[in-house]
Amino acid sequence: MSTEPESPQSTENATTAGPDAAEEPGTPATPAPAQPGPAAAEDTHPGTGAAGDPTEARPDRPDAPSGDRPDDRPDRAAAGVPADDAEGAGTDTEASASSVADDGSGSDGSDGEAAAAAGADAAEAAAQLSEAQAELAAQKLERERIERRKAEKAAPIAAGAKLSGKAADLLAAVRAVEGGATPPATVFGAEAAPRRPAPEPVRRPRPATAEALPPAPAADAVEGVRRVLAAGGAPEALASQAAVVLGEAAEDVLREDPWQLLRVPGVRPEQADGFARALLGPECAPGDERRGRAVTVWLLEQAALAGHTALELPTLTAALARQGVPDADAAVQNALAEGEALAFQDALDSPAADRSAADTAPGRAGAPGTHDAPGAQDGQGERGERGEQGEDGPEGEETGPVRVLVGLERYALAEESLADALARVVNSLAKEASGAWEPAAAAASGSAAELIRAVAGHGLVLHTGGEAARAEPAALLTAVRGLGLRAVAACHTPDGRRRFAALLGEAAADGAVVTVPGLLSGAEGPGRDGEGAFALDLLILLDAPQLDVESAAMLVESLPDGARLVLSGDPAVLWSAGPGRVFADLVAARACPQVASRVPDPGPLGELVSGVGIGELNQVDAPGKEIVIVPVRDAGEAVHRTVQLLADSVPRAFGITSDEAVVITPGHGGAAGTRALNAALKERLNPGPGRFGGFDPGDRIAHSPAPGRTVTGRVVTADAEGLHLTCADVSVVVPRERVEQTVRHGWALTAHQAVGSRWPAAVVVLPGDAAQALSRPWVYTAFGRAERHLSVVHGVEQALPRAVAEAQAKPRTTRLPALLRTQLPTAR
């Protein structure tokens with residue numbers, strides 16, 4: 001069987017990718033040759049990992065929550081205040097202040113002038129009095145005030161004056177009787193029956209609103225950016241994004257430094273170069289310091305999209321050279337000096353480093369295996385600088401070789417905070433006897449008992465295993481809550497929460513299982529105490545490999561002193577969409593007990609997936625057709641067979657409706673990517689004109705409220721508020737301006753979008769042009785999404801077994817292992 005490879009567009013662009021590009025993490029790839037002018041950014045959807053959109057994997061960019069974002073301006077929309085209302089509030093405040101000032105100067109201008117004139121006359125007269133005369137005048141005024149008060153006290157009190165309420169009613173009744181009238185019945189009548197409290201109104205569930213974007217930039221700011229973009233030949237459609245990213249002064253910023261256009265999602269260096277040439281003319285040069293700084297930051301952002309929290313200095317300088325920066329070291333120095341990046345030194349203690357140290361004068365600047373940190377000559381301290389003593393340490397003592405890393409501040413702070421918080425969790429557990437836990441451990445068996453005993457005596461415990469192994473954290477949660485401790489399990493997705501709650505039964509009804517986003521936001525879980533920490537004694541984090549470094553830092557920092565933490569997950573699945581590999585780093589560090597489940601996933605699907613996890617694509621007996629291979633010759637046939645399987649074959653053969661099945665493919669683009677597959681599936685399963693921004697009621701969608709998070713659901717309707725969705729039984733309203741960025745059709749997903757969820761049936765599409773995108777973690781994750789049936793639309797021939805056997809996860813550069821070694825002596 002032969003397949004003709006097509007243009008490899010079914011995988012996401014390796015140089016600028018979002019959550020799905022993080023499936024293939026690596027250093028930034030060599031870009032395309034520079035173009036003569038800027039081009040429009042590739043048609044992408046930031047919320048779902050499309051190529052060319054750096055905001056995709058950045059929770060703190062302006063589109064993220066998020067986050068995930070360097071923009072620290074207050075988000076008025078997040079507070080429930082429309083932008084116009086917020087501006088009006090400021091105007092009202094100024095008006096109130098002016099009205100208060102007016103109260104002290106009269107009701108109109110003439111009164112104010114008269115008061116001012118009288119005050120001036122009085123001041124002039126007072127200046128002419130002697131001190132003795134002034135004292136006598138003051139005493140006279142005081143005596144007059146006292147006499148007035150005495151006269152008021154001696155005067156008769158008018159009957160009924162200054163009375164109110166019941167006393168006034170009684171006085172009125174007495175006077176009525178004296179006058180021969182009938183007193184009011186309300187005075188001498190019986191006490192009125194106490195009023196019943198008004199019943200609590202029935203609170204209808206309000207639809208959740210998608211996470212708010214930063215405040216929309218002012219119209220004049222956008223217009224100014226549009227003018228400078230037009231002058232530089234850049235697409236004017238970028239004006240709004242540039243104004244959000246660069247602020248109200250975006251026009252001036254771009255005129256002073258055209259390469260700041262690289263901060264706009266989707267813009268590449270060759271496009272920014274064309275824009276700069278048009279604005280600067282002959283002054284534009286590849287060696288411009290501004291260009292070097294901007295490209296340095298851009299490369300670090302691209303590395304973060306690929307999962308790295310930092311880059312080694314040689315890797316960064318080599319990437320700068322590929323981008324045409326003539327002096328890469330100077331570019332890095334300038335970025336460090338401007339505070340746009342940070343440098344770090346990590347000691348190397350591997351055997352290879354030791355051998356290198358024996359041969360090459362370890363610790364000396366310029367020796368192989370060692371690098372001078374940018375800024376080291378300045379002796380600036382810990383972050384990448386050697387300090388006053390240099391590498392030789394005190395009294396010329398030689399130290400080991402170091403690895404110099406350069407990264408963005410936000411990820412550096414997140415890793416340092418995470419390491420500190422993990423050390424606190426490990427060290428703050430009270431040295432209490434674990435006798436109270438022993439009956440619970442005795443009641444369990446196998447790995448579950450081992451897990452309970454480990455948690456009893458340690459603050460941090462790691463648990464590894466597949467889908468069937470989730471029963472062990474469930475047993476732990478039940479046992480701990482039975483001891484009267486506050487415990488919660490958090491899952492990556494709503495579907496993961498549903499599956500774990502099913503293992504607990506009735507015990508899950510009281511909020512024992514939550515999602516990670518819900519726990520962090522306070523929408524789910526026990527809430528926080530007065531100090532902002534979770535009101536918990538034990539937190540079990542399921543799907544731990546999906547935690548990026550920023551989410552992990554927020555979670556662990558929120559644990560109170562003395563609380564326990566269990567990180568549980570399958571180490572063979574794809575790593576997080578965001579930067580970092582927290583779970584893998586902790587497993588490798590061996591700084592805490594690790595419990596490996598001995599419970600295999602059952603059935604033919606479990607056997608197949610378990611083999612993939614160890615690098616073997618085995619022939620599996622599937623008497624119930626649990627696994628079906630569908631060979632195809634090209635991408636067109638792959639799309640046709642996929643639609644046939646989802647709409648007809650799987651429902652007819654297994655009783656699984658198309659709503660209960662999912663299609664998984666390596667990327668969004670290409671002839672058999674999610675875009676092409678979703679278009680074909682919509683035409684077959686829910687045809688319509690797409691009158692709501694390409695969507696119709698009933699469409700299956702994938703909603704990405706924040707980078708790296710995907711929730712599946714359906715379109716309900718649309719109105720002036722936006723697109724109304726239902727996701728995991730929760731109503732969500734996505735504002736119109738965010739629909740294009742955060743909502744896709746969702747019959748077909750990428751593996752990164754599907755991780756954390758499972759379906760009764762899965763159709764995995766492997767077109768011929770996707771061979772280079774396959775890896776063992778990708779295949780393991782895609783095949784593992786099926787619970788009862790797996791169909792593989794196979795067009796990659798021997799590339800599939802080769803990927804399972806050889807293509808392991810690409811390494812990510814992180815600082816967490818080195819930080820753990822300094823915080824936890826047992827870490828390695």
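1. H6 crosses helix H7 in a right-handed manner (right-handed means that the near helix is turned clockwise from the far one by less than a right angle, left-handed anticlockwise). The axes of H6 and H7 (residues 239–246) come within 8 Å and cross at roughly 115°, so the two helices count as roughly perpendicular. For the cut-offs: under 35 degrees is roughly parallel, over 145 roughly antiparallel, 65 to 115 roughly perpendicular, and the rest oblique. Axes are lines fitted to C-alpha atoms, for helices over the stretch in contact, with angles running from 0 to 180 degrees between N-to-C directions. Helices are DSSP runs of H or I with at least four residues, strands are E runs with at least two, and both are numbered from the N terminus.

2. Before going on: this is a predicted model, where local features need pLDDT of at least 70 and side-chain atom pairs pLDDT 80 or more, while totals for chains, interfaces and linings use all residues. Residues are numbered from 1 along each chain as its sequence is written, and side-chain values use heavy atoms, leaving out hydrogens and water.

3. Who touches whom between H6 and H7? On the H6 side there are Val222, Val225, Arg226 and Leu229, and on the H7 side Ala239, Ser240, Ala242 and Ala243 (contact means heavy atoms within 4.5 Å). By class, that makes six nonpolar, one polar and one charged residues. Here Ala, Val, Leu, Ile, Met, Phe, Trp, Tyr, Cys and Pro count as nonpolar, Asp, Glu, Lys and Arg as charged, and the others, Gly among them, as polar.

4. H6 (residues 219–231) also packs on H9 (residues 269–280), at about 90° and with axes 8 Å apart. Val228, Leu229 and Ala231 of H6 meet Phe275, Ala278 and Leu279 of H9. This contact has six nonpolar residues, with no polar and no charged ones.

5. Now the sheet: six strands, open, in the order S7-S6-S8-S9-S5-S10, paired in parallel (a pair needs at least two DSSP bridges). S7 (513–515) and S10 (594–596) are the edge strands with a single partner each, so one side of each has no neighbour in the sheet. From one strand to the next, the twist averages 20°. Inside the sheet, five bridges join S5 (residues 460–464) to S9 (residues 564–569), and Leu462 has Leu567 of S9 as its bridge partner.

6. Lastly, there are 29 salt bridges, counting a side-chain nitrogen of Lys or Arg within 4 Å of a carboxyl oxygen of Asp or Glu. One of them links Arg815 and Glu416, with the closest N and O atoms 3.6 Å apart. Arg815 sits in the loop between H28 (799–806) and H29 (816–823) and Glu416 in H14 (residues 409–427), so the pair ties together parts 399 residues apart in sequence.
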